[in-house]
Amino acid sequence: MEMLLNWLGTLPGAVGQGLVWGIMAIGLYITFKVLDIADLTVDGSICTGAAVCTMLITKEVNVWIAILGAIAAGMVAGLVTGLLHTTLGIPAILAGILTQLMLWSVNLLIMGSKANVALSRFKYGDKVLISASNSKIYLTLAILAAFVAVIVGLLYWFFGTELGMSLRSTGNNIEMSRAQGINTNFTKVFGLALSNGIVALAGSLLAQQQGAADINMGRGAIVIGLAAVIVGEALFQRKTTNFALRLVFVVCGAIIYWFVFQTVIFIGLPSELLKMLSAIVVALFLGIPYLKTKIVSKKRKVKEVSKDA
C-alpha cells in the first residue's frame, strides 16, 4: 500500500513532464504528419529555446518576453533547415542534422560557453512562469494545460486558413499542390519554422520546470516526440479526423509515455537502460499496427481458402 501511494505521488510530476513534451510533440507533429518531413532539428531547437529563455530571465528580462524570444530563436532554427532543404536542395533529414549540429555551438554561445545554466528557485522563483518546486506542482500543471489549450486552439484556427490548408496540401500531395499554384518551397520553410518555434516554446517551459538549461537536454528529443505522436495515434487518433482532437491526443500520448517512463524509474530499472526503453516503446507502437494488419490479412486468406475448399 505504501509503495502504491509513493507511486501515485510521482504521477503529478509525470503529467507535468508529459504536458511539456506534449507541446514539443505538437511541433513535431506538424513536420512529421502534416508536412511528411522527418525533421531532426528539434534535438537542437528545444535546447535553443531553453537556453534563450534561461539567459534572458537571468538578465532580468520579463518571462513572457523571454518565452517570445525563445519562440523566435526556434523559428530561426527551423528557417535555416527549410532554406538548406529548399534553396540548396539538401534532403530534409540531412538539413535537419546539419542545423542540429550548428545549434550545438550556437546554444553553447548563448549560454556563455557553459554546459549548464541554473535558474535558482531562490533567486529567480518569482520571475519564472512555472516552478521547479513540488509545492507548486498543481499550479504548474494548470499553466501548462492552459498553454496546450491555447496552442491547440490557435493551430486549429491556423490550419483552417488558406496558408494552413496549403501546408496540409503540400504534405498530402506535393505534385498536385504545385499544379494548383501553391509555392511548396515556401510552405515547407514556413512549416519547419512554425514547428521549431513550438518546440523552442516547449524548451523554454522545460528549462523553467527543471530549473536549468542544459546543453544535453535536447538529446533524444526526437525519440520522445515520435513516441508521443505514435502512442497518441495508435491509442486514440484512428477514432477521429478532427485536427484539434488529434493534437490533444498527441499530448495524451506524451503523458502516457511519461507515465510508463516514471513507473519504470520507480521500480528501479537502471538509468543506463532508459534510452533503450524509449526506443523499444516507439518500436512497439510503430510495429503493432503493422502486425495487426498482417494478422487480419492472414485470417482473410484462411477464410477464403476454407470457402474455396
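Helix H6 contributes nine residues to the lining of the largest pocket, the largest share of any element. The model is predicted, so that local features require pLDDT of at least 70 and side-chain atom pairs count only at pLDDT 80 or more, while totals for chains, interfaces and linings use all residues. Residues are numbered from 1 along each chain as its sequence is written, and side-chain values use heavy atoms, without hydrogens and water.The space in the largest pocket amounts to about 440 Å³. A pocket is an open set of points on a 1 Å grid over the protein atoms alone, where a 1.4 Å probe fits, with protein on both sides within 12 Å along at least five of seven lines; its lining residues have an atom within 4 Å of a point. Points are joined across faces, edges and corners, and the volume is the space filled by probe spheres set on them. Of the 18 lining residues, Ile 71, Val 150, Ile 151, Leu 154 and Leu 201 lie nearest the centre of the largest pocket. At least two lining residues come from each of helix H3 (63–86), helix H6 (137–158) and helix H9 (184–210). Helices (H or I, at least four residues) and strands (E, at least two) are DSSP runs numbered from the N terminus. The lining comprises 17 nonpolar residues, one polar residue and no charged residue; Ala, Val, Leu, Ile, Met, Phe, Trp, Tyr, Cys and Pro count as nonpolar, Asp, Glu, Lys and Arg as charged, and the others, Gly among them, as polar.

The second largest pocket holds about 330 Å³ of space. Its lining has 17 residues, with Asn 216, Met 217, Arg 219, Ile 224 and Lys 275 closest to the centre. Two or more of these lining residues are given by each of helix H1 (2–34), H9, helix H10 (221–235), helix H11 (243–266) and helix H12 (274–308). By class, nine are nonpolar, six polar and two charged.

H3 and helix H4 (92–110) each supply at least two residues of the patch, and the largest share, six residues, comes from H4. Met 102, which lies in H4, counts as partly exposed because its relative accessibility is 42%, between the limits for buried (under 20%) and exposed (over 50%).

Overall, the chain has twelve helices and two strands, and 49% of its 309 residues are buried.

Methods. Buried means under 20% relative accessible area, exposed over 50%, partly exposed in between (1.4 Å probe, protein chains only).
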